[in-house]
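User: I am new to this structure and would like to go through some of its features. May I show it here and ask as I go?

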Amino acid sequence: MAEYKFADIEKKWQQYWREKDIYKTQTDKDKLKYYILDMFPYPSGTGLHVGHPLGYIATDIVARYKRLKGFNVLHPMGFDSFGLPAEQYAIKTGRHPADTTRENIERFKEQLCVLGFSYDWSREVRTSDPEYYKWTQWIFLKLFNSYYDKKENKARPIEELEIPPDLTDKEKESYLVSHRLAYQDDIMVNWCPALGTVLANEEVIGGVSERGGFLVVRKSMKQWMLRITAYADRLIDDLEDLDWPDSIKLSQKNWVGRSTGAEVDFRVKDSNDRIRVFTTRQDTLFGVTYMVLAPEHPLVSKITTHEHRQKVDEYVSRAGQKSDLERTDLDKSKTGEFTGTYAINPVNGQEIPIWISDYVLISYGTGAIMAVPGGDQRDFEFAKKFNIDIVEVISPDGNPSETLEQAYPGEGIMLNSGEYNGLDSRRFKQVIIERLEKEGTGKASINYKLRDWVFTRQRYWGEPIPVIHTEDGKVVSVPEKDLPVVLPDVDSFTGTKEGESPLAKVDSWVNTINPVDGKPAKRETNTMPQWAGSCWYYLRYLDNNNTTEFAAKYKTDYWLPVDLYIGGAEHAVLHLLYARFWHKVLHDLGYIQQKEPFKKLINQGMIQGRSNFVYRIKGTSKYVSYNLKNEHEVDAIHVDINLVKDDILDIRSFKKSRTENQEEVEFILEDGKYICGYEIEKMSKSLLNVVTPDAIIEKYGADTFRLYEMFLGPLEQSKPWNTNGIDGVFKFLRKFWNLFHSENGVFEVSDDKPTANEFKITHKTIRKVQEDIERASFNTAVSAFMICVNELTAQKCHKREILEPLVIALSPFAPHMAEELWEKLGHTSSVTGAAYPSYNEEYMREDTHEYPISINGKLRAKMTFALDMPNADIEKQVLANEVIRKWTEGKTPKKIIIVPRRIVNIVV
RNA sequence: GCCGAAGUGGCGGAAUUGGUAGACGCGCACGACUCAAAAUCGUGUUCCUUCGGGAGUGUGGGUUCGAUUCCCACCUUCGGUACCA
């Protein structure tokens with residue numbers, strides 16, 4: 001029996017690849033390129049767990065396969081190394097984030113190398129490296145110094161912006177600010193006093209911080225914003241040509257949230273004020289029975305009558321104190337106050353009351369709505385509660401309903417709408433806009449859910465924003481030659497109580513001079529969010545040592561777009577939307593030819609953890625086994641899965657791990673064992689369910705690990721981690737190995753001519769594997785190899801002409817073993833330089849086919865016919881068949897369906 | 001609530017264009033080797049069965065000669081989203 005010494009083999013070839021620079025990529029214009037990208041990891045302190053490599057293995061297989069197919073492949077890797085965890089760790093321990101980040105990266109790299117990935121490490125990027133974030137800052141300045149030209153529908157340098165004449169200096173400045181793609185504004189943010197920073201929405205869960213669970217409040221603060229809303233239409237429309245999962249495209253569309261409708265002006269009674277509303281249902285204008293302003297709407301205090309002022313003021317201040325969570329709680333009933341004032345409905349002149357309520361959001365549309373209780377469920381509930389009229393203006397058939405139990409939000413036929421009664425509501429939508437436009441009370445309009453991007457964090461461990469605040473209150477760019485603005489060393493990583501970044505405490509860094517006039521000035525102390533670095537890393541890989549440009553034009557021209565991008569679905573919206581936005585800005589400014597960065601996108605599923613639980617009886621140190629826990633009041637506690645095997649707890653180790661007094665710890669067992677409960681959850685250190693690849697690689701090797709993660713199921717599907725089937729994959733590799741070795745372990749491959757059957761097996765496999773890689777179906781590719789090896793083993797085939805092509809075909813999946821066998825076959829250069837074997841249809845051709853013969857769709861017999869046999873002959877033979885005759889019982893069949901190469905079906 | 005994905009043996013999963021459901025692997029059972037065990041190899045393995053056959057891809061209907069695949073309604077699980085006018 002030949003021994004498959006994976007540990008030696010893998011070490012040997014990893015060293016070979018490193019020493020010979022096998023995976024170094026050149027920009028070679030004469031070759032077809034293929035750019036394959038992984039979402040780069042955040043280098044956390046826990047290292048790589050088994051979920052990380054799933055996508056990386058898939059891309060590595062494709063990268064190796066494409067090389068064999070003759071492509072010039074770019075397959076780089078880097079680290080998203082700015083971010084909150086490193087900073088939190090620094091606050092706790094005082095260790096500098098730069099140090100811990102570097103250590104974590106080293107560990108990640110080591111783990112990635114052990115898995116045998118074919119990255120070109122000479123192109124590695126780290127977002128926290130000053131040579132990298134110099135260009136992140138440079139791009140920020142491009143945004144700062146550009147505006148969006150709505151006519152040409154693209155970004156242009158701010159110098160080209162036509163500024164209205166006769167503006168004062170101050171007006172000119174604010175005109176510029178209102179056009180720049182990066183600008184400052186006062187907005188409501190999630191402020192977490194305990195962490196001393198603003199948090200992104202996704203970092204706030206249920207009103208408290210995701211990390212630590214500290215209270216988060218809403219606070220108005222001056223922040224940098226990026227004008228992503230200027231790109232709303234293009235971000236939707238350009239999705240069309242992308243080869244992305246439909247679900248991701250849809251999420252992005254929904255996130256941008258384009259809705260078409262109309263803006264309508266309602267005159268305030270006895271006043272010159274107008275309230276502008278946005279509606280998608282201008283066809284329900286005749287059903288408007290009241291209006292609602294958001295509590296923050298600027299007109300609220302102006303129009304509120306003396307009589308109602310106190311109650312309205314109270315409502316406004318109460319609404320301001322509510323957390324987002326309270327305001328968006330859908331279960332609560334509607335609240336609101338009447339302002340005492342009325343508006344005039346522009347289509348029928350009716351007077352309608354103006355209310356305020358927090359179900360109208362200041363941040364969407366115009367912050368005011370026309371309320372149509374007959375057509376909108378929210379308005380309906382509000383009207384019911386405050387006894388406001390409900391008018392039905394659309395019904396499915398144009399007849400009024402007897403009772404109105406709820407709003408009818410659908411399309412239909414108009415009623416109670418004056419001269420428009422009987423019109424189809426879809427048609428009326430158009431008609432009414434024409435009338436509003438003619439009368440000057442409204443116009444067609446498009447609204448977006450997408451907001452401008454809040455681009456500042458009050459943190460240390462991020463890119464400094466490269467601008468300078470002058471004495472006279474202006475903001476100027478740091479000159480390009482002075483980039484990067486490097487993070488200063490600090491003693492303390494916490495921000496100030498007032499909500500300033502830790503950088504604000506570093507006077508020597510903050511105080512600088514205005515590059516324009518040399519007067520004293522101050523640096524911006526906020527830093528960029530973690531998304532910034534990942535917005536453009538795929539560009540830097542192309543030219544990571546360039547000191548004069550973010551990447552040379554001829555390199556971006558050649559390599560872009562990314563041909564295949566694989567990563568987790570959790571980045572469906574934010575990262576992918578932000579990166580597309582930056583890409584389009586760079587495209588508009590002429591730096592990049594292509595309008596989209598990522599041509600094909602695949603989301604790999606999440607590998608979940610299987611957590612184990614023990615059950616402690618409340619207030620005691622007694623632990624009760626899973627099936628007895630219902631007899632007690634218990635707390636379920638996560639237990640480290642390393643102390644559990646097959647859901648049975650290792651009681652002794654568990655006892656040692658507890659902090660309680662060990663004498664007091666007791667167990668209530670069943671059948672002498674302590675059975676743990678389990679749950680499938682996210683794999684995470686805090687849930688004690690993390691599995692690292694290390695132990696598995698030690699036991700089975702990296703090739704087995706790679707193959708097993710692929711064999712687990714479809715790449716896109718999420719699945720809990722288990723190692724139940726890993727033996728099967730390991731056995732397969734050993735059998736493959738054995739095909740090249742005699743029974744006593746000596747390498748032995750013959751030059752005998754293969755049989756037709758051996759050719760057929762091999763060529764079928766080569767074709768199947770190729771097709772499966774092309775459609776990212778890696779699990780079925782692995783099983784195709786298994787079938788092939790099983791058959792060749794049964795044939796005792798040890799022939800070079802069969803085995804050599806299979807080594808090449810397997811090399812993307814199990815590169816170490818492939819290299820070893822390739823060398824043993826007598827080759828002196830790496831298998832990565834081989835060509836993917838072509839398959840010959842001739843070998844697979846079949847002259848006959850075994851047809852399933854079914855009667856009324858039920859399989860009854862099988863018969864083999866020549867493929868060129870006429871249908872009439874097949875029919876005759878089928879009907880003559882004994883089994884078939886038994887089933888037809890002499891009856892004449894109504895119909896016989898013969899599908900060549902498929903099936904014969906007899907209908908009786 | 002809305003949007004999306006998915007429900008197939010004991011388990012992970014396969015069936016690519018509507019054409020033999022359960023490939024491949026795990027597990028399990030039996031056998032070989034062994035003093036024995038492990039490892040390895042071989043055979044079997046959807047369920048029910050009166051051994052003729054019958055049922056079967058979440059449930060109920062439909063289209064079709066034929067449905068895991070297409071259509072309608074519903075149930076369950078997972079993910080996203082949250083009063084978006």
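User: How are helix 20 and helix 21 oriented to each other?

Analyst: In this predicted model, helix 20 (residues 693-700) and helix 21 (residues 702-711) pack at an angle of about 120°. Angles of 65 to 115 degrees count as roughly perpendicular and those over 145 as roughly antiparallel, so helix 20 and helix 21 are oblique to each other. Their axes are 7 Å apart.

User: Which residues make the contact?

Analyst: Helix 20 contributes Pro693, Ile696, Ile697 and Tyr700, while Ala702, Thr704 and Phe705 come from helix 21. By class, this contact has 6 nonpolar residues, 1 polar residue and no charged ones.

User: Now the sheet with strand 35. In what order do its strands run?

Analyst: The order is 35-34-37-36, in an open sheet of 4 strands with mixed pairing. Strand 35 (858-866) and strand 36 (895-899) are the edge strands, each pairing on one side only. On average, neighbouring strands of the sheet are turned by 20° against each other, direction ignored.

User: And how does strand 36 pair with strand 37?

Analyst: Strand 36 and strand 37 (residues 903-907) are antiparallel, over 5 bridges. Ile897, for instance, has Asn905 of strand 37 as its bridge partner.

Technical notes
Residues are numbered from 1 along each chain as its sequence is written. Chains are lettered from A and ligands numbered from 1 in the order in which they are written. This is a predicted model: local features need pLDDT of at least 70, side-chain atom pairs count only at pLDDT 80 or more; totals for chains, interfaces and linings use all residues. Axes are lines fitted to C-alpha atoms, for helices over the stretch in contact, and angles run from 0 to 180 degrees between N-to-C directions. Helices (H or I, at least four residues) and strands (E, at least two) are DSSP runs, numbered from the N terminus. Angles under 35 degrees count as roughly parallel, over 145 as roughly antiparallel, 65 to 115 as roughly perpendicular and the rest as oblique. Two residues are in contact if their C-beta atoms, placed from the backbone, lie within 7 Å. Ala, Val, Leu, Ile, Met, Phe, Trp, Tyr, Cys and Pro count as nonpolar, Asp, Glu, Lys and Arg as charged, and the others, Gly among them, as polar. Two strands pair if DSSP finds at least two bridges between them.
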